[in-house]
Amino acid sequence: MTTEQMLAFAVILLMMAGFIWGRLRYDIVACLALLVSVAVGIVPYDKAFSGFSDDIVIIVGSALVVSAGVARSGIINTAVQRFFPSLVTFTPQMLLLLITVAVMSAFIKNIGALAIMMPMAFQFSRRSGVPVSRYLMPMAFAALLGGLMTQIGTSPNIVVSRMRQEITGESFTMFDFTPVGGILTIAGVLFLIVFNRLVPARINQNPSLDEALDFAPYSSDATVTANSGAAGKSLSATLKPGEGDITATAIIRNGRHLAPLPDVTVRVGDTILFEGTPQALDRVTSAAGLELSGKPIKEAPATGEEIAAVEAVVGNDSRLVGLSARRLALFHSYGINLLAVSRQGKRLTERLSEVSLAPGDVLMVQGGMKTLPATLQELNLLPLAQRQILLGTKRRAIVPVIILAAAMLASATGTVPVATAFFAAAIAMLLCRVIPLADAYRAVDGPILVMLAALIPVSDTLRTTGGSELIAGWLADVASAMPVYGALALILVTAMAVTPFLNNAATVLVMAPIAVSFAAALDYRPEAFLMAVAIGAGSDFLTPIGHQCNTLVMGPGGYRFSDYPRLGLPLSLLVVLVAVPALLYVWPVR
């Protein structure tokens with residue numbers, strides 16, 4: 001073993017120890033590992049930041065923006081309410097998510113399938129009260145399992161098919177992977193359903209302001225128009241999309257206040273007074289087609305100025321104190337609209353436009369991003385840190401679906417690379433105003449992308465120093481004396497162990513020749529061994545860095561590096577125990 005190889009192994013082992021220790025955040029650990037690698041000479045200076053241009057960084061960042069665009073469109077809310085209105089308990093929710101992600105991953109890029117379904121996981125988490133961390137890691141693992149079922153499901157399957165073509169003159173076909181991959185997916189999904197409690201309950205390590213800010217419920221009101229879906233329905237049915245986070249405080253009908261009884265039938269012209277979270281207010285008013293109080297600004301003005309809602313506190317000497325939005329004529333005088341008011345310790349029972357504002361009230365106001373700061377200053381409103389507020393904004397439900405479908409089709413057919421397809425989809429989301437630019441930058445998880453970019457040149461030191469070939473030689477010596485099932489299991493386990501540090505396609509390129517050499521030395525056919533390499537390279541359940549699906553859920557799930565083996569290690573063992581006999585049955589070695 002050369003000095004460079006020893007240094008490469010030492011840096012990677014120390015980095016893994018730092019991840020598991022958990023005292024420093026994962027991106028800092030990765031950056032320190034990169035600096036040490038440069039300092040000891042195993043990463044050249046001109047390659048130190050090559051990871052920032054790697055496709056994986058682009059794919060993960062773009063997928064986060066696309067997922068945020070789909071979530072913002074409201075189509076996930078609509079689908080959940082329409083097709084799964086009574087799915088409120090954890091186990092059936094999890095079963096639906098895992099099966100859907102696994103099946104989709106067989107035919108589209110697994111990170112794309114995961115990005116599509118992540119917003120639904122957040123919806124189900126709110127319904128069931130179960131932390132979203134219990135959903136996301138099993139979903140990422142199900143996406144990896146589903147990708148094993150077809151030739152196009154994951155990169156290792158494509159690479160191993162090409163290598164079989166080079167070695168034997170015959171490639172694997174589209175569904176040659178399905179028998180073993182299907183068995184593994186079924187076994188894996190059942191395992192994830194039964195043993196999902198191995199996933200710890202975590203909170204996002206980089207919480208959004210939506211999660212960090214916690215005010216008293218907002219009060220708002222909305223009117224039932226002739227086009228509202230709420231007309232003729234009961235009040236309880238109208239409030240159902242709010243999933244318990246919203247209540248009606250009164251119904252105003254023909255100038256009279258009615259008690260908000262659940263069975264009251266909502267009529268055209270009714271004004272419903274609400275109290276709830278911004279998210280619940282948005283879900284209810286959007287689903288029912290209600291018209292918010294005031295003049296919500298749904299479209300950007302001709303100047304192209306972005307429209308957004310912000311929260312601000314009424315100062316003691318604000319000119320709004322003692323006045324109502326109607327008396328102030330906020331929209332006509334200042335070009336802003338009052339969407340909701342939060343007053344600590346008091347429930348408001350008047351129309352929003354008639355509420356006399358008081359010092360300390362938290363207002364949700366909507367306006368142009370260029371003019372809002374000056375307006376807030378003029379009115380002596382103290383702005384709070386901006387968070388995503390969708391109330392009062394126009395949603396484009398079909399556009400993000402079309403964009404996402406086009407990206408998945410282009411990448412699945414090989415028309416364009418996956419990174420290009422998802423990057424183009426993210427840009428299309430911005431150009432079509434599916435998601436504002438500021439929200440897109442908030443959706444991109446900076447610490448995760450920095451960790452990935454720093455780790456790529458560090459993990460590549462195994463290849464550049466010859467460490468991977470050294471491991472291959474050791475394996476060849478050990479496996480040559482083993483029975484066929486032992487050699488097959490060893491190849492599978494080694495591919496699983498190597499793929500966190502090499503790209504999974506690179507793992508196939510390194511391990512496949514070793515597997516074929518085993519088969520030739522033992523006078524066996526190579527197919528089962530090549531399949532074992534593909535399965536091992538596609539089954540990285542042990543770390544958040546080996547596959548972008550695992551990385552994608554790390555930030556939103558609030559996971560630590562050490563959380564992945566808790567569920568991933570027994571799942572990896574299950575894959576080995578199931579795959580080896582299945583491979584020997586489906587692909588006989590004689």
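Reply:
**The sheet region, residue by residue**

Thr271 counts as buried, at 2% relative accessibility (buried is under 20% relative accessible area, exposed is over 50%, and partly exposed is in between, with a 1.4 Å probe and protein chains only). This is a predicted model, in which local features need pLDDT of at least 70 and side-chain atom pairs count only at pLDDT 80 or more, while totals for chains, interfaces and linings use all residues. Residues are numbered from 1 along each chain as its sequence is written, and side-chain values use heavy atoms, with hydrogens and water left out.

On confidence, the mean pLDDT of the protein is 80, and 86% of its residues reach 70 or more (pLDDT is the predictor's confidence in each residue, from 0 to 100). The lowest mean, 48, belongs to helix 10 (residues 209-212), and the highest, 94, to helix 9 (residues 178-194). Where pLDDT is low, the predicted coordinates should not be read in detail.

Thr271 sits in strand 4 (residues 271-276) (helices, H or I with at least four residues, and strands, E with at least two, are DSSP runs numbered from the N terminus). Its side chain makes a polar contact with the side chain of Thr223, at 3.2 Å (a polar contact is a pair of N or O atoms within 3.5 Å; within protein, one must be able to donate a hydrogen and the other to accept it, and residues adjacent in sequence count only if both atoms are side-chain atoms). Leaving out residues up to four places away in sequence, Thr271 touches Asp221, Ala222, Thr223, Ala250, Ile251, Ile252 and Arg351 (contact means heavy atoms within 4.5 Å).

Next comes Asp270, in the loop between strand 3 and strand 4. At 1% relative accessibility, Asp270 is buried. Asp270 forms a salt bridge with Arg253, and the closest N and O atoms are 2.8 Å apart (a salt bridge is a side-chain nitrogen of Lys or Arg within 4 Å of a carboxyl oxygen of Asp or Glu). The pair links distant parts of the chain, 17 residues apart, with Arg253 placed in strand 2. Arg253 is buried as well, with a relative accessible area of 11%. The structure holds 4 salt bridges.

Asn254 is in the loop between strand 2 (246-253) and strand 3 (256-258). Asn254 counts as exposed, at 76% relative accessibility. Its phi is near 55 degrees, a positive value in a residue other than glycine. Most residues other than glycine have a negative phi. Asn380, in the loop between helix 15 (372-378) and strand 9 (381-383), also has a positive phi, near 55 degrees. Asn380 is partly exposed, with a relative accessible area of 24%.

Turning to strand 7 (residues 337-342), 6 of its 6 residues are buried, so this strand is largely enclosed by the rest of the structure. Strand 7 pairs with strand 8 (residues 362-368) in the antiparallel sense, over 5 bridges (two strands pair if DSSP finds at least two bridges between them). Ala340 has Met364, in strand 8, as its bridge partner.

The loop between strand 7 and strand 8 includes Leu348. Leu348 is buried, at 3% relative accessibility. Neighbours within four places in sequence aside, Leu348 is in contact with Ser219, Thr249, Val341, Arg343 and Val355. From Leu348 to Phe274 the C-alpha to C-alpha distance is 9.1 Å, although the two are 74 residues apart in sequence.

Arg343, one of the contacts of Leu348, meets Asp361 in a salt bridge between their side chains, at 2.7 Å from N to O. Both residues lie in the loop between strand 7 and strand 8, so the pair ties together parts that are 18 residues apart in sequence. Arg343 is buried, with a relative accessible area of 16%, and Asp361 is buried at 2% relative accessibility.

To recap the two charged pairs, Arg253 bridges to Asp270, and Arg343 bridges to Asp361.
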